[in-house]
Number of protein chains: 2
Amino acid sequence: MNIAEQVLNIGKRARTASAAMAKASTDQKNRALRAIAQLVRQQSAMLKAANAEDLERARLNGLEPALLDRLALSDKAIETMAEGLEQIAQLPDPIGEMTDFKNRPSGILVGKMRVPLGVVGIIYEARPNVTVDAAGLCIKSGNATILRGGSEALRCNNALAKLVAQGLEAAGLPADAVIVIDTTDRAAVGTLITMAEYVDVIVPRGGKGLIERISKEARVPVIKHLDGICHVFIDEFADADKAVAIADNAKTHRYGTCNTMETLLVHSAHAPDTLAKLVEIYGNKQVELRGCQRTLARFPKLLAATEEDWSTEYLAPVLSIKLIDSLDEAISHINHFGSHHTDVIVTENHSNAMRFIREVDSASVMINASSRFADGFEYGLGAEIGISTDKIHARGPVGLEGLTSQKYVVFGHGEVRQ
Amino acid sequence: MNIAEQVLNIGKRARTASAAMAKASTDQKNRALRAIAQLVRQQSAMLKAANAEDLERARLNGLEPALLDRLALSDKAIETMAEGLEQIAQLPDPIGEMTDFKNRPSGILVGKMRVPLGVVGIIYEARPNVTVDAAGLCIKSGNATILRGGSEALRCNNALAKLVAQGLEAAGLPADAVIVIDTTDRAAVGTLITMAEYVDVIVPRGGKGLIERISKEARVPVIKHLDGICHVFIDEFADADKAVAIADNAKTHRYGTCNTMETLLVHSAHAPDTLAKLVEIYGNKQVELRGCQRTLARFPKLLAATEEDWSTEYLAPVLSIKLIDSLDEAISHINHFGSHHTDVIVTENHSNAMRFIREVDSASVMINASSRFADGFEYGLGAEIGISTDKIHARGPVGLEGLTSQKYVVFGHGEVRQ
């Protein structure tokens, strides 16, 4: 079999398994999750041995230290994986939930039932923990899943796949509900993202380049986000203390995450005091500041921001700053330069707050809170498989619900249409 | 400007208008809808004159009588258009609705707000009423829309577009919120369905060929259904009277609609009586019946169904019939041969009913009701822009809600992430 045939065959197996997963009971799914957690703990030596082989080979191939770091599977990482599965087991099962029932004049009762999407394809980089997290979310949401991890993690992923299969079977579920593609051939991805008869949605996780390529070539719907160019806007009516705390946290809590602020918009009324305080704080934390012309006029030591800065996701201790004169200017700057991920207004003015959250066209809009809260755990979704900046289907952090769909159910008593 | 540039320019204008539409008040949108309804009534003579030109040219070009029929704009059709707009004005406005608020341990309050998708592209055949229906739904849901109707209806669509623009402006909304592409060049569609920066979703309405072509070439999400291969399953525990009434209505109420039954599955226990009654009823109504081998053994006058029949949408007085022995057989037949549109079980057995609606993977699943109820009006959506058999985003009849998205809103009090 060539690669395309192999992947099509995997698709067929996943599609078959998805029917069994769709009707699995909550108890069965939770038993599988707990069994996998136990196996991951019990077999930690085996997992670490497989991971050591991956690391050895990756080192020989000259993988960057940061990527080696992500690839490494420590005892702590293994325990976190197992706990993650147990947490997913504790989440409410969304499948089969029926809502929104309404009696219609014809006599029928119309409502909706939540059901799995079917088969979810997940493409990610060399991070073994994603294998288990993604498998756990897909099992709980009644989906079958096909996992394609970075080739550097192949041995460890295959070892994890065996444990997942064992756990599924222990709960009476098909081992094919979670299939790891065990080839490093890149052609496999091409088939995975185009076999619409076997895959219902693709979730790519990784760098912008990977996601752009997948979105461009996929013939299957993709849940994705490309950038997190997040803004905090300090409104004219902001509380200065809240503004300082939020703008500090949104930038400096972690530099490399997608919900980190990249541009700070400041109403000119706050330039003398609030912004001055922030410039000092950022300076102490070695954050490189790039200001607009008006910002530079007030803080001449800053670097000058170029037009490109307004649409750059630094993922680093760098921040662009712009002074503006109105809420309208803030909204139009964000909608124009932002990436529709997460944007914040700091204000005590109710009307401005409500206009901001309605008119800023982003997956998450916040009033008086740090952009760093845009996250599946913080939102109470329990876990997330990714964040979507698209508007179709799931938007924002995608948890179990984003891996489901709703169908209409009609309860009749023999009604026919007149 | 070449066609691609013209359409890109239209996209740009629609994108700009969408920002104004997203913040339009309910009252503004309703005033626009009522103003358009009034203009359509007032200008009926002008509309009929434009339509007469379209009809004249279509006749000269040899358009089929059935299509001429759809193209024709009668006084009744004009009144129906106007009433449709007034009904949409009466529907609740989904935009800005906030739901699902939860306090999180961090102190933030997280909920969701319903917002428009942005720009909706609609591609349809030569039916002028779709121009007004689609414009109405997009206006109410706060979207801008780009309409591309069948070229045979060009004059009438342009005349309608002028009235829509006037109505929008009378309510203080941008005329560009509804743009009719006024060229018959087919290249326009190619640009429309690939300009992802200006169009958020495409809704194709028309024949299977048109929809397949658009789905294949689109680089923008598509809300669509290709087929309606709908089933009624008469379970072992069906009430015979309900079974006869539903199977009769599902096939013969209208032959050409997507929610019409195309295959009747009958538990063998119902072959002697219920099916015999139905064979007589269908015979009296000149419905051509094509049976499986077991059906033929009992009703030798029927035609033999071929393998192809099980996956054919007849859209005609033709029905395939299969005798089976279990619920499992019914579910697997439907999931294998159906089109995931609408499927019905007739049964008095609760467990069988619940298994059917959970395990049949279709946009609408019904217990003891005719498949003909799968419709936006019958479901209480008020109106529908189409029916989706996809699982991503909207599924089943798509009304105002399907033209919206939900974003996360976070209400904080100065919270930062620890």
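Helices here are DSSP runs (H or I, at least four residues), numbered from the N terminus. The model is predicted: local features need pLDDT of at least 70 and side-chain atom pairs count only at pLDDT 80 or more, while totals for chains, interfaces and linings use all residues. Residues are numbered from 1 along each chain as its sequence is written, chains are lettered from A and ligands numbered from 1 in the order in which they are written, and side-chain values use heavy atoms, with hydrogens and water left out.

The axes of α2(A), residues 26-42, and α6(A) lie 9 Å apart at an angle of about 165 degrees; axes are lines fitted to C-alpha atoms, for helices over the stretch in contact, and angles run from 0 to 180 degrees between N-to-C directions. The pair is therefore roughly antiparallel (an angle over 145 degrees). Lys29(A), Asn30(A), Leu33(A) and Ile36(A) of α2(A) meet Gly136(A), Ile139(A) and Lys140(A) of α6(A), where contact means heavy atoms within 4.5 Å. By class, this contact has 3 nonpolar, 2 polar and 2 charged residues; Ala, Val, Leu, Ile, Met, Phe, Trp, Tyr, Cys and Pro count as nonpolar, Asp, Glu, Lys and Arg as charged, and the others, Gly among them, as polar.

## The α5–α6 pair

In chain A, helix α5 (residues 75-90) and helix α6 (residues 128-140) have axes that come within 10 Å and cross at roughly 15 degrees. The two helices are therefore roughly parallel (under 35 degrees). The crossing of α5(A) past α6(A) is right-handed. From α5(A), the contact involves Met81(A), Leu85(A), Ile88(A), Ala89(A) and Gln90(A); α6(A) contributes residues including Val132(A), Gly136(A), Leu137(A) and Lys140(A). The contact comprises 7 nonpolar, 3 polar and 2 charged residues.

## The largest nonpolar core

The largest nonpolar core has 106 residues, among which Ile122(A), Ile385(A), Ile122(B) and Ile385(B) touch the most other members. Such a core is a set of buried Ala, Val, Leu, Ile, Met, Phe, Trp, Tyr and Cys residues joined through side-chain atoms within 4.5 Å. Beyond its neighbours within four places in sequence, Ile385(B) contacts Ile122(B), Ala134(B), Leu137(B), Cys138(B), Val203(B), Arg205(B), Val398(B) and Leu403(B).

## A loop residue in chain B

Ala72(B) sits in the loop between α4 (65-71) and α5 (75-90) of chain B. Its relative accessibility is 35%, so Ala72(B) counts as partly exposed (buried is under 20% relative accessible area, exposed over 50%, partly exposed in between; 1.4 Å probe, protein chains only). Outside four places in sequence, Ala72(B) is in contact with Asn51(B) and Leu55(B).

Terms used
Parallel < 35°, antiparallel > 145°, perpendicular 65-115°, else oblique. Left-handed = near helix turned anticlockwise from the far one by under 90°.
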